[in-house]
Structure formats: C-alpha cells, structure tokens
Amino acid sequence: MKTDLLAELEPVVARNLDRHLAMAKDWMPHEYVPWDEGRDFMKVPWHPDQSRLTPQAQTALEVNLLTEDNLPSYHREIANRFGLESAWGAWVGRWTAEEGRHAMCIRDYLVVTRALDPDELEAQRMAVVQAGFHNAHRTPLESLAYVSLQELATRIAHRNTGRFVNDPVADLMLARVAADENLHMVFYRSLVKASLEIDLSATVRAICKEVTGFTMPGTVIPNFTRKSMVIAQAGIYDLRIHHDDVVLPLLEHWQLFELEGLDSSAECERERLAVHLDVLDLQAAKQRERFVVAAARADRKKALQ
C-alpha cells in the first residue's frame with residue numbers, strides 16, 4: 001500500500017465532506033421520543049408487562065442501541081486510522097457528532113416507553129463500552145472497506161427493525177437514524193472507489209479481506225450470538241440480507257470482478273472472495289430453510305396447545 005494514501009485521498013475527503021454537509025439534515029433526537037409516556041421509575045418500578053414490544057423486537061432494539069453506545073471506541077478507531085488533521089479530522093468530528101444522536105434517541109425511546117429493563121440496559125452498556133471495539137491490525141484501506149460494509153449493514157438493520165417493531169414512533173425514529181447511516185456509507189464507499197484509482201491491488205486486497213472476515217461491531221455485546229440469531233430469525237438481518245443487500249451491492253458499485261491490472265496476490269484474493277460468496281450464498285439459503293422448518297414446528301406446537 002502506498003504510504004501517502006491518506007494524503008492523496010485528502011482532496012477526495014474534502015469534496016465528499018462538502019457533499020455530505022449539503023445533503024445531511026439536522027434533526028433533534030428529542031423530537032422522536034414520546035415523552036408524554038414517561039413515568040417515575042422510583043414511584044412506578046419497571047416490570048416486563050409494561051413493554052408493548054415482542055421479545056424479538058426487544059432484542060433487536062437492544063442490540064441496535066448497544067451497538068450505537070460504543071461510539072467512544074469507534075471514534076478512537078477512525079481517529080487513529082485517519083488522523084485528526086485537515087479534511088480527515090473534520091470528517092471524523094462530524095461523523096462522531098452525528099453518530100452520537102443515534103444512541104441518544106433510541107435509549108430515550110426505550111426508557112420512556114418502558115420497552116426494556118433500564119437497569120439491565122445500563123449494566124449492558126457499561127459492559128459493552130468497557131469492552132470497547134478495536135482492531136489494531138486493520139490498515140487505513142481495510143478500515144475504509146470495513147466501515148463501508150458496516151455502515152450499510154447498520155442502515156439496513158435499523159430500517160428493518162423499525163418496520164418489524166410495529167410502532168410508528170419507533171419506525172419513524174429508526175428511519176431517521178438509518179438515513180444518517182446511509183450518508184455515512186456513501187461517504188466511505190466513495191473513498192474506497194477513489195482508493196481503487198490510487199492503489200488498485202492494495203485496495204482490492206483490503207476489500208477481499210474485510211468481506212471474507214466481516215463481523216458486526218456488536219460482537220462485544222453479551223450473548224451476541226444468541227441475540228443475532230433471534231434477529232436473523234425475525235427477518236431483520238440474516239445471512240441472505242447480508243449477502244444480497246450489503247456485500248453484493250458494494251462489490252457491484254466498485255466493479256470488483258471487472259477490474260483489470262491486478263497483481264498476482266490481489267488476483268488470488270479476488271478468486272478466494274468469489275469462493276467465499278458462493279459459500280455465503282449457500283449458507284444463507286440453508287439458514288432460511290432452517291428458519292422455515294423452525295417456524296412450522298412452532299406453529300404445530302402452538303396449535304396442539
């Protein structure tokens with residue numbers, strides 16, 4: 001990878017930051033919270049029966065919030081990778097400020113509507129933020145590829161959660177959060193596109209590495225594997241969505257399989273990526289089949305009760 005990549009990308013960052021600021025919409029987190037539903041927890045302690053959400057919706061919103069809560073770690077990651085000088089620093093600051101609103105409004109919604117146990121939610125926030133999120137070995141190019149994937153995945157997770165929750169207040173709130181995430185994805189996606197023109201093979205290697213090894217930033221959440229399965233079975237975010245709506249659209253945008261002039265190692269990584277996509281597609285199909293069987297079994301059991 002060229003050592004001056006960040007410097008070469010700086011004009012691209014500046015242009016995309018200007019575009020982002022022109023498209024971004026300022027919004028007030030407090031306007032998305034039904035404050036009139038609030039009650040004193042000391043006078044009226046929380047009880048599970050107070051939540052109007054299904055267990056699946058509770059899990060999805062909990063994971064969405066706890067993922068957003070880890071912003072201090074995310075800020076540290078991109079600040080360390082991209083720096084705090086020039087246009088890069090301006091972007092890091094703007095991105096962090098925008099992201100801060102997401103946890104703010106989701107938490108207020110969950111607390112005011114008594115959707116989740118506030119004590120347990122705070123205990124988990126402490127655990128997640130203390131664990132942090134970090135990958136000291138990720139290069140700036142790999143970070144750009146990762147956040148492109150992650151921002152798109154997060155956008156879809158928020159939007160699908162809003163639809164699933166069956167509460168117009170939550171749906172509107174999460175649609176607003178998802179709109180932010182989409183603009184963030186567009187910013188990072190554009191930088192990856194520009195990186196392909198600066199250092200083609202290194203960028204392809206970075207993309208391949210991050211796609212094949214991708215994990216959501218919420219993996220530090222307690223019991224994340226079980227919770228992610230609940231979310232997948234609810235149809236909010238599963239392997240099929242990841243393959244069809246996150247990975248493939250980005251690879252198509254970057255025209256990854258049409259690029260010519262790769263060095264031998266990048267070509268090898270691209271071949272490995274093609275195999276990975278076939279395996280992921282098969283895994284996605286099998287996962288959906290398992291969910292169909294499980295749903296049918298649950299329906300039969302319910303009918304016999």
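The structure is a predicted model, in which local features need pLDDT of at least 70 and side-chain atom pairs count only at pLDDT 80 or more, while totals for chains, interfaces and linings use all residues. Residues are numbered from 1 along each chain as its sequence is written, and side-chain values use heavy atoms, with hydrogens and water left out.

In soluble globular proteins, nonpolar side chains tend to be buried together. A nonpolar core is taken here as a set of buried Ala, Val, Leu, Ile, Met, Phe, Trp, Tyr and Cys residues joined through side-chain atoms within 4.5 Å; buried means under 20% relative accessible area, exposed over 50%, and partly exposed in between (1.4 Å probe, protein chains only). The largest such core has 64 residues, and those with the most contacts inside it are Tyr-188, Val-204, Ile-207 and Leu-251. Helix H6 (residues 140-165) supplies the largest share of this core, 10 residues; helices (H or I, at least four residues) and strands (E, at least two) are DSSP runs, numbered from the N terminus. A second, separate core holds 19 residues, including Ala-57, Ile-106, Leu-116 and Met-173. Contact means heavy atoms within 4.5 Å. With its neighbours within four places in sequence left aside, Val-204 touches Leu-196, Leu-256, Leu-259, Leu-262 and Ala-266.

Of its 15 residues, 13 are buried, so H2 is largely enclosed by the rest of the structure. From first C-alpha to last, H2 reaches 21 Å, close to the 21 Å expected at 1.5 Å a residue, where the expected span of a helix is 1.5 Å times one less than its number of residues.

His-242 belongs to helix H10 and is buried, with a relative accessible area of 9%. Apart from neighbours within four places in sequence, His-242 is in contact with Phe-214, Tyr-237, Val-247 and Leu-280.

Charged pairs come next. Side chains of opposite charge can pair when their charged atoms come close. A salt bridge is counted when a side-chain nitrogen of Lys or Arg lies within 4 Å of a carboxyl oxygen of Asp or Glu, and by this rule there are 20 salt bridges. One of them joins the side chains of Glu-122 and Arg-125 (2.9 Å, N to O). Both residues lie in helix H5 (residues 118-131), three residues apart, about one turn of the helix. Glu-122 is partly exposed at 31% relative accessibility, and Arg-125 is partly exposed at 23%.

How far apart in helix H7 are Arg-176 and Asp-180? The two are four residues apart in H7 (residues 168-198), so about one helical turn separates them. An α-helix has 3.6 residues a turn, so residues three or four places apart point the same way. The side chains of Arg-176 and Asp-180 form a salt bridge (3.0 Å, N to O), and both residues are buried. They also take part in a network of salt bridges that links Asp-26, Arg-94, Glu-98, Arg-101, Arg-176 and Asp-180.

A further salt bridge brings together Arg-288 and Asp-238 (2.5 Å, N to O). This pair links distant parts of the chain, 50 residues apart: Arg-288 is in helix H11 (residues 264-304), and Asp-238 is in the loop between helix H9 (224-233) and helix H10 (239-253). Arg-288 is partly exposed at 37% relative accessibility, whereas Asp-238 is buried at 4%.

A disulfide is a covalent bond between the sulfur atoms of two cysteines. With a disulfide defined as a pair of cysteine sulfur atoms within 2.5 Å, the structure holds zero disulfides. For Cys-208, the nearest cysteine sulfur is that of Cys-268, 9.5 Å away. Cys-208 is buried, with a relative accessible area of 0%, and Cys-105 is buried at 0% relative accessibility.

Asn-166 has a positive phi near 65 degrees. Asn-166 sits in the loop between H6 and H7 and is exposed, with a relative accessible area of 71%.
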